[in-house]
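I opened this model to see how its chain is put together. My notes follow in the order I looked things up.

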Amino acid sequence: MIRLQNATYLVRDLDDGIRFFVDALGFVVRQDETFDGGWRRVVVGPADGGTGFVLVPTATEQIGRQAGEDVAFFLETDDFMAQHKRMLEFGIVFREEPRHEAYGTVALFEDPAGMLWDLIEPPPLSGVAS
């Protein structure tokens, strides 16, 4: 079996990046260590496991543009309205009102650097025996 453990995520400031992922999205800090020479490694990810993000501070112009003009990440939730509310309270900018598609409830939002994400709640499974 092969899995994607972590992906690099560029930020201007580590602490601001942590606040976005933890306070706005509900992720947890999996690692926050400072090593000899002052190098700090921060990894955030969903509380229940899965792929995390290694936050990497940089001043590059690529922050917020890693995916060009396309949606960079697709954040899945099992409670769209609660997550949407949490994100609005944090100040996340949604580019649209929630909409219902065949693949679920979805809304496009921006991270603090302006990169595009989708918040998605898949439709309930139908016809599945319980």
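**Entry 1: the fold order**

I read the elements from the N terminus on, and the protein chain runs β-α-β-β-β-β-α-β-β-β-β. The secondary structure comes to two helices and nine strands. This is a predicted model, and I kept that in mind throughout.

I took the extent of the C-alpha trace next. Along its principal axes it spans about 55 × 35 × 25 Å. The protein chain has 130 residues, and buried residues make up 34% of them.

**Entry 2: helix α1**

I started at the N-terminal end of α1, which D13 caps. A side-chain oxygen of D13 lies 3.1 Å from the backbone nitrogen of D15. Which residues of α1 are buried? I found L14, G17, I18, F20, F21 and A24. After the helix comes G26, and its phi is positive, near 85°.

**Entry 3: the nonpolar core**

I listed the largest nonpolar core and got 23 residues. Which of them touch the most other members? They are Y9, F20, F21, L25, L55, F109 and W117. I then asked which elements supply the core. Those giving two or more residues are β1 (6-11), α1 (14-24), β3 (40-45), β4 (52-57), α2 (80-90), β8 (104-110) and β9 (116-121). Helix α1 gives the most, with five residues.

**Entry 4: aromatic rings**

The structure holds 15 aromatic pairs. I picked out the pair of F20 and F21, which is edge-to-face. Their centres are 5.0 Å apart, and the angle between the planes is 75°. Both F20 and F21 are buried.

**Entry 5: helix α2**

I sorted α2 by burial. The residues F80, Q83, H84 and M87 are buried.

Just after α2, G91 takes a positive phi of about 105°.

I looked at E89 on its own. Is E89 buried or exposed? It is exposed, with a relative accessible area of 59%. I also checked its separation from R30. E89 and R30 are 59 residues apart in sequence, and 24 Å apart in space from C-alpha to C-alpha.

**Entry 6**

I moved to the strand pairs. How many bridges join β2 to β3? There are six, and the two strands run antiparallel. V28 stands opposite G45 in β3. The hairpin of β2 and β3 has five residues between the strands, and in it G37 takes a positive phi near 90°.

I repeated the check for β3 and β4. These strands also run antiparallel, and three bridges join them. V43 has V54 in β4 as its bridge partner. The hairpin of β3 and β4 has six residues between the strands. There G49 takes a positive phi near 100°.

**Entry 7: Q31**

Last, I looked up Q31, which is found in strand β2 (residues 28-34). I left aside its neighbours within four places in sequence. That leaves Q31 in contact with R41, V42 and V43. What does the side chain of Q31 make with the side chain of R41? I found a polar contact at 2.7 Å. I noted that V43, one of the residues that Q31 contacts, is also the bridge partner of V54 in β4.

Key: Residues numbered from 1 in each chain as written. Predicted model: local features only at pLDDT ≥ 70, side-chain atom pairs only at ≥ 80, totals over all residues. Heavy atoms only, no water. Helix = DSSP H or I, 4+ residues; strand = E, 2+ residues; numbered from the N terminus. Polar contact = N/O pair within 3.5 Å; in protein donor to acceptor, adjacent residues only side chain to side chain. Contact = heavy atoms within 4.5 Å. Core = buried A, V, L, I, M, F, W, Y, C linked by side-chain atoms within 4.5 Å. Buried < 20%, exposed > 50% of the residue type's maximum accessible area, 1.4 Å probe, protein only. Phe/Tyr/Trp six-rings, centres within 6.5 Å; stacked < 30°, edge-to-face > 60°. Pairing = 2+ DSSP bridges.
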